[in-house]
Amino acid sequence: MADKLNELTAAGVAVWLDDLSRVRLSSGGLDQLRREKHVAGVTTNPTIFAKALSDADEYNWQLRDLATRGVEVEESVRMLTTYDVRWACDVMRPSYDASAGVDGRVSIEVDPRLAHESDRTVAEAKALWWLVDRPNLFIKIPATEAGLPAITATLAEGISVNVTLIFGLDRYSAVMEAFLAGLEQAKANGHDLSKIGSVASFFVSRVDSEVDKRLEKVGSEQAKALKGKAAVANAQLAYERYTEVFSSDRWKALADAGAHPQRPLWASTSTKNPDYRDVIYVEELIAPGTVNTMPESVIHAYADHGETRGDTITGAYDAARKVFADLESVGVDMDDVIATLEREGVEKFEASWQELLDGVRKSLEAAAKGTGAPNKAAKGNAKAAEKAGGNA
């Protein structure tokens, strides 16, 4: 039987897992995915942590200790989440070493409530970097306008960054500019560029969800024929911009100093519409030097019936531009789509973060009262967070 995930890896796509929990760590499940399913990295978000903390007793001892020490809720969340991410970094360390620091990365997100505050985002990034204290960590920073200078400043400190919540092409170009500026400053600050990593998380399925909703509202046959095409076209054109930036003289100067490129990472790759093929956002986004972060269900689906047909991006630029032109012709304003998705993306993660805080607060209160299994107090909050936030 063909190893379809190995074929995907050989085509230049790094397979990452969009999930983390202490159960997955303590059971050896993450290490098994690394060894058997070619998983070479891990991404997390507030929704993932809210669900993880509500579903397992493995957190009880730490919650009891935090409650006994009287640790405040927000700091408790940091302790709980960085514990898991540090453990995951150790599990993924063989991939990090084997790839000379390119893969084997584990991401943790700054407090999403700071998405519009540059200085506080940088301070939080530095604190998380210090707390986890592993070279294969990524700090996730949203690609808001305030996030752009924070990305540059964080990289300038020698801290590796996963830029998240990218939906549009112009913002993606600004992210790459922030990355280059950050590496140039890092070099000037004396940091070893070969130790600094970065990915740019370009969201996929949410684009189709928003555009398809608008196409349904238009209602014409021409509009309905465009359903399910916007997300892939958007990502394909993002890759075109990536190849342009990372073939420039400016980039070559950084590469000569040991820098690794900021790879495009396809995020939100589970299919939201059941009418679409469940691995469409993997099969249609295959190109060298990319990352695809998937829920475990998508990883298994690709292992079962995914088709690696070589590079499905590079030759598709003209067709992708035609999709955009056709969307405009039926009245879909892609600039408004992108603005809506960014705003909603930040709001959803803020809501998930608040649900996480509320759940941990209840768990700490239960632990302080000695009522046992404190994490169960957070289940209702976590379910709400999961519904609000979706996957990466």
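1. The buried residues of helix α9 are L169, R171, Y172, V175, M176, A178, F179, L180, A181, G182, L183 and A186. Please keep in mind that this is a predicted model.

2. Just after α9, G190 adopts a positive phi of about 90°.

3. Next, the helix pair α6 and α7. Helix α6 (residues 73-98) packs on helix α7 (residues 118-132) at an angle of about 55°, and their axes are 9 Å apart. The two therefore count as oblique to each other. Their crossing is right-handed.

4. Who makes that contact? From α6 come R78, M79, T82, V85, R86 and C89, while α7 supplies E124, L128, L131 and V132. Sorted by class, the contact of α6 with α7 has six nonpolar residues, one polar and three charged.

5. Two backbone spots deserve a look. D133 is not a glycine, yet has a positive phi of about 60°. D133 sits in the loop between α7 and β4 (137-142), and its relative accessibility is 55%, so D133 counts as exposed.

6. The other spot is L165, also with a positive phi of about 60° although it is not a glycine. Is L165 buried or exposed? L165 belongs to strand β5 (residues 161-166), and at 3% relative accessibility it counts as buried.

Terms used: Residues are numbered from 1 along each chain as its sequence is written. This is a predicted model: local features need pLDDT of at least 70, side-chain atom pairs count only at pLDDT 80 or more; totals for chains, interfaces and linings use all residues. Side-chain values use heavy atoms; hydrogens and water are left out. Axes are lines fitted to C-alpha atoms, for helices over the stretch in contact, and angles run from 0 to 180 degrees between N-to-C directions. Helices (H or I, at least four residues) and strands (E, at least two) are DSSP runs, numbered from the N terminus. Angles under 35 degrees count as roughly parallel, over 145 as roughly antiparallel, 65 to 115 as roughly perpendicular and the rest as oblique. A crossing is left-handed if the near helix is turned anticlockwise from the far one by less than a right angle, and right-handed if clockwise. Contact means heavy atoms within 4.5 Å. Ala, Val, Leu, Ile, Met, Phe, Trp, Tyr, Cys and Pro count as nonpolar, Asp, Glu, Lys and Arg as charged, and the others, Gly among them, as polar. Buried means under 20% relative accessible area, exposed over 50%, partly exposed in between (1.4 Å probe, protein chains only).
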